[in-house]
Amino acid sequence: MILNERYTLENGVEVPKLGLGTWCIDDEHVADVVRAGIEIGYRSIDSAQAYANERGVGEGIRTSGVPREQLFVTTKLAAEIKDYHQAVVAIEESAKTLDLEYIDLMLIHAPQPWHDFRGGDYAEGNRLAWRALEEAYRAGTVRAIGVSNFLQEDVENILESCTVRPMVNQILVHSGNTPTELIEYCKSQRLLIEAYSPIAHGQILTNGDIVSMAAWYGVSVAQLCIRYTLQLGAVSLPKTTSPEHMRSNSELDFEISTEDMAALRGLRITPTRS
C-alpha cells in the first residue's frame, strides 16, 4: 500500500511517498482535514508559512491520536525572507505555531519573493536563509532541510557555500509540466524531488488524452496523475479536503507502462505555482 511506502533521504530520514497538501485550506478548517487524512492512513502533511495554516495543521497532528514520531510534517520558510536574522525568527515562529516538538522538513519556499518570482538576483539572500536552516537542523528543530521551486542555478548557489546539503526540492510536477532536466539534475545531487499539484490544480481533469488513458487503466484521472509522479521517483503531494478523494488518491495499485509514461511526460499544460 502506497501510504506505507517511504523514500530515504541522504541523512537517513524517511519520507512517505504520498503526502497530503494543505495549500488554500484555511487555518480554521485545516485541523479537520489533517485528522481525516491521518485517519485514512496519510502520514505526511505539507504546509507553509505562506499558507497561514500552520497552527491548524499542528492542532490536527496533535489531536489525531497517532504518535508524533509516526507523522512527517513539512513547512516552508516564506519566499520573501532573504535575510539570516529574519529567517531565524521565522523558523522559530513556525516551530512555536506548529507546536509539535520538531519539524520533519523545512524548505525555502522559493528562490525569489512571489512578487518578483523568476525576477531579480536573490542569491546572497538565499544563502543567508539557508544558513539559518542549517543552524535549525543542527539544533534539532528540524530533521531535514531543503528548497522549493528552485531551478538548477538556484540549487547550485546553495551547494557552493553550504555546510549541510539540501535534501529535497519540492517543485511543480504533473503530466503536462515535467521538468525532466531539473529532475535529473536534482537526482544527480541526491535531492529527493517532491511533486506538488500532481493533478495540475484540477486543470488536467478534463484533458481528453488523460481521461482516455485513465479509463483504459480503470482508474480516475487523479489516480493516474498521482501514480505518474510516483513513477518518476518523486514524492506526490495532492491536495484535497474530501476524505473520499483522499482515500481514492491513495488507491494506486497499478503501474503505468513505459510507453504511457512517455506520453504523459510529453504533455504540455501551462503551470501554476504553489
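The model is predicted, and local features need pLDDT of at least 70, side-chain atom pairs count only at pLDDT 80 or more, and totals for chains, interfaces and linings use all residues. Residues are numbered from 1 along each chain as its sequence is written, and side-chain values use heavy atoms, with hydrogens and water left out.

Strand S7 runs parallel to strand S6 (residues 105-108), and three bridges join the two. Strands pair if DSSP finds at least two bridges between them. Within this pairing, Met 106 stands opposite Ile 145 of S7. Helices (H or I, at least four residues) and strands (E, at least two) are DSSP runs, numbered from the N terminus.

Helix H2 (residues 54-62) packs against helix H3 (residues 84-98) at an angle of about 45°, and their axes are 7 Å apart. This angle makes H2 oblique to H3; angles under 35 degrees count as roughly parallel, over 145 as roughly antiparallel, 65 to 115 as roughly perpendicular and the rest as oblique. Axes are lines fitted to C-alpha atoms, for helices over the stretch in contact, with angles running from 0 to 180 degrees between N-to-C directions. Glu 54, Arg 55, Val 57, Gly 58 and Arg 62 of H2 meet Ser 94, Thr 97 and Leu 98 of H3, contact being heavy atoms within 4.5 Å.

Arg 190, with a phi of about 65°, is placed in the loop between helix H6 (180-188) and strand S9 (192-196). Arg 190 is partly exposed, at a relative accessible area of 46%. For His 201, phi is near 55°; His 201 lies in the loop between S9 and helix H7 (208-217) and is partly exposed, with a relative accessible area of 32%.

A search of the whole structure finds zero disulfides, a disulfide being a pair of cysteine sulfur atoms within 2.5 Å. For Cys 24, the nearest cysteine sulfur is that of Cys 225, 19 Å away. Cys 24 is exposed, with a relative accessible area of 58%. Cys 162 is likewise in no disulfide, and the nearest cysteine sulfur, that of Cys 186, is 13 Å away. Cys 162 is buried, with a relative accessible area of 17%.

How values were computed
Buried means under 20% relative accessible area, exposed over 50%, partly exposed in between (1.4 Å probe, protein chains only).
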